[in-house]
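Work through the exercises below with the structure in view. Try each task before you read its solution.

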Amino acid sequence: MPESLAGAIVFSVTPTIVVGLIFWFIVRALLRSDRTERAVYAKVEAEERAKAEADERDESRRAADRSAV
């Protein structure tokens, strides 16, 4: 245990600061990963929607060609 007042203050505040920093890094990592995951999900969903719309257009063209014959 530290003998001086300054040493006691540092000794008592350091664990709180360290735990706070660890908590901050964890929360920051969670928020960043969530943001990244949402961006990737939106990109994949947009690609799937475009694919579905293209398939739907192809189906309607085939149906129109069949009815025209």
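The exercises that follow concern a predicted model.

**Exercise 1. Overall form**

Task: Find how many helices and strands the chain has, and set its radius of gyration against that of a compact globule.

Solution: 
- Step 1. Count the elements. The secondary structure comes to one helix and zero strands.
- Step 2. Locate the helix. Helix α1 covers residues 5-68.
- Step 3. Take the spans. Along its principal axes, the C-alpha trace extends about 100 × 10 × 5 Å.
- Step 4. For 69 residues, a compact globule would have a radius of gyration near 11 Å. This chain has 30 Å.

**Exercise 2. Distances along the helix**

Solution: 
- Step 1. Place the residues. Asp58 lies in helix α1, and Arg66 lies in helix α1 too.
- Step 2. Asp58 has 32% relative accessibility, so it counts as partly exposed. Arg66 has 63%, so it counts as exposed.

**Exercise 3. Salt bridges**

Task: Determine how many salt bridges the chain has, and which residues form them.

Solution: 
- Step 1. Apply the cut-off. A side-chain nitrogen of Lys or Arg must be within 4 Å of a carboxyl oxygen of Asp or Glu. By this rule the count is three.
- Step 2. Take Asp34 and Arg38. Their closest N and O atoms are 3.0 Å apart. The two residues are four apart in helix α1, so about one helical turn separates them.
- Step 3. Take Arg49 and Glu45. The closest N and O atoms of this salt bridge are 3.1 Å apart. Arg49 and Glu45 are also four residues apart in helix α1, about one helical turn.
- Step 4. Take Glu59 and Arg62. Their side chains meet at 3.3 Å, N to O. Both lie in helix α1, three residues apart, about one turn of the helix.

**Exercise 4. Exposure of the bridging residues**

Solution: 
- Step 1. Recall the limits. Exposed means over 50% relative accessible area, buried means under 20%, and partly exposed is in between.

**Exercise 5. The surface**

Task: Identify which residues form a nonpolar patch, and describe the surface of the chain.

Solution: 
- Step 1. List the patch. The residues are Leu5, Ile9, Val13, Ile17, Leu21, Trp24 and Phe25. Together they have about 710 Å² of accessible area.
- Step 2. Look at one member. Leu21 lies in helix α1. At 45% relative accessibility, Leu21 is partly exposed.
- Step 3. Check for burial. Buried residues make up 0% of the 69 residues.
- Step 4. Take the whole surface. The chain exposes about 6,500 Å². Carbon and sulfur atoms supply 64% of that area.

**Exercise 6. Charge**

Task: Find how many positive and negative side chains there are, and where the centres of the two sets lie relative to each other.

Solution: 
- Step 1. Count the charges. The chain has 11 positive and 12 negative side chains.
- Step 2. Locate the two centres. They lie 4 Å apart.

Methods
Residues are numbered from 1 along each chain as its sequence is written. This is a predicted model: local features need pLDDT of at least 70, side-chain atom pairs count only at pLDDT 80 or more; totals for chains, interfaces and linings use all residues. Side-chain values use heavy atoms; hydrogens and water are left out. Buried means under 20% relative accessible area, exposed over 50%, partly exposed in between (1.4 Å probe, protein chains only). Patches are made of residues with over 30% relative accessible area and no salt bridge: like charges are joined within 9 Å, nonpolar side chains (Val, Leu, Ile, Met, Phe, Trp, Tyr) within 5 Å. Accessible areas come from the Shrake-Rupley method with a 1.4 Å probe; for residues, only the protein chains shown count as cover. The radius of gyration is taken over C-alpha atoms; the globule rule is 2.2 Å times the number of residues to the power 0.38. Lys and Arg count as positive and Asp and Glu as negative; His and the chain ends are not counted. The place of a charge is taken as NZ of Lys, CZ of Arg, CG of Asp or CD of Glu.
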